[in-house]
Amino acid sequence: MGRIIALVNQKGGVGKTTSTINIGAALAARKKKVLLVDLDPQASLTIALGAKGAAPTVYDVLKGRAGIGAAVLAHGAYRLVPSGPDLSGAELEIASVAGRECILKEALEAVEKDYDFILIDCPPSLSLLTLNALVAAGEIFVILQTEFLALEGMSQLLDTVDLVKKRLNSQLRLGGIVATQHDKRKGLHREVLESIKKHFPQAVFKTAVRNAVALAEAASFGRDIFEYRPKSAGAEDYANLAKEILNRR
Ligand SMILES: Nc1ncnc2c1ncn2[C@@H]1O[C@H](COP(=O)(O)OP(=O)(O)O)[C@@H](O)[C@H]1O
Ligand SMILES: [Mg+2]
């Protein structure tokens with residue numbers, strides 16, 4: 001059975017999209033079959049992999065206008081389902097549909113068997129789209145920046161996860177916490193990382209992704225870090241993270 005992982009944090013700019021892409025690329029480099037799902041109307045993942053404007057999108061899939069297979073694109077050794085701006089309307093449009101939280105799960109059932117990993121890049125909110133990801137997933141990775149207030153949103157997020165577990169998806173578990181944009185020279189970053197580890201000793205991955213400009217640059221060239229700078233710190237960190245993910249089941 002493959003693993004379906006939702007990368008979440010209701011805060012924007014913490015590294016969800018960057019982590020989805022580069023964890024996926026690192027797993028694909030280890031011969032795993034990987035599908036990335038862009039579930040954010042801002043479509044950062046789609047744009048960062050050079051697929052802006054691709055159609056059909058995850059929106060068409062959620063609306064039932066396209067099968068998920070038709071939306072899957074290839075990028076290097078992995079695949080992605082793109083997003084686009086019309087996804088922002090999906091929230092309202094599917095709000096009145098019975099079983100509205102389960103639409104993505106049902107769609108993924110058609111392709112689940114083809115992949116070892118399906119990584120879902122969530123929008124920066126605890127919206128119906130994110131709920132769809134939490135229902136479809138077996139586990140979540142919380143992506144955090146080691147900045148002031150990093151833990152602030154965690155209790156709200158974990159409350160939502162508990163509710164989803166109780167009502168919609170009893171399988172869901174916290175698969176890990178990824179610290180990103182980490183600068184160990186900064187006292188605050190070290191302190192925040194320590195306190196996250198103290199609160200969640202089992203969940204935090206040993207690999208903290210360092211602050212590395214090549215990760216941001218790669219996206220502007222439509223590439224993952226292994227295509228853009230395979231010898232960079234960013235590539236090294238995401239490769240190590242992928243190793244940990246494979247060892248943690
Ligand atoms: N480790 C990192 N080092 C430097 N810049 C990063 C790193 N991770 C992400 N970024 C940059 O920070 C910004 C926000 O990251 P992103 O992955 O889009 O966050 P989110 O998806 O949570 O909104 C982007 O411009 C991205 O390129
Ligand atoms: Mg994002």
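View 1. Pockets are open sets of points on a 1 Å grid over the protein atoms alone, where a 1.4 Å probe fits, with protein on both sides within 12 Å along at least five of seven lines; lining residues have an atom within 4 Å of a point. Volume is the space filled by probe spheres set on points joined across faces, edges and corners. Lining this second largest pocket are 17 residues, and Met1, Gly2, Ile4, Ala137 and Gly138 are the closest to its centre. Two or more lining residues come from each of β1 (3-8), α6 (103-109) and α7 (128-136) (DSSP runs numbered from the N terminus: helices, H or I, of at least four residues; strands, E, of at least two). The largest share, three residues, belongs to α6.

Residues are numbered from 1 along each chain as its sequence is written, with chains lettered from A and ligands numbered from 1 in the order in which they are written. In this predicted model local features need pLDDT of at least 70, side-chain atom pairs count only at pLDDT 80 or more, and totals for chains, interfaces and linings use all residues, while side-chain values use heavy atoms, without hydrogens and water.

**View 2. The largest pocket has a volume of about 470 Å³ and holds ligand 1.** Here, "holds" requires more than half of the ligand's atoms to lie within 2 Å of the pocket's grid points. The lining comprises 27 residues, with Gly13, Gly15, Lys16, Thr18 and Gln181 nearest the centre. At least two lining residues are supplied by each of α1, α2 (44-48) and α10.

**View 3. Ligand 1 is surrounded by 14 residues.** Each has a heavy atom within 4 Å of the ligand. The closest are Gly13, Thr17, Thr18, Arg210 and Ala212. Both α1 (16-29) and α10 (213-220) contribute at least two residues to this shell, and α1 gives the most, with three.
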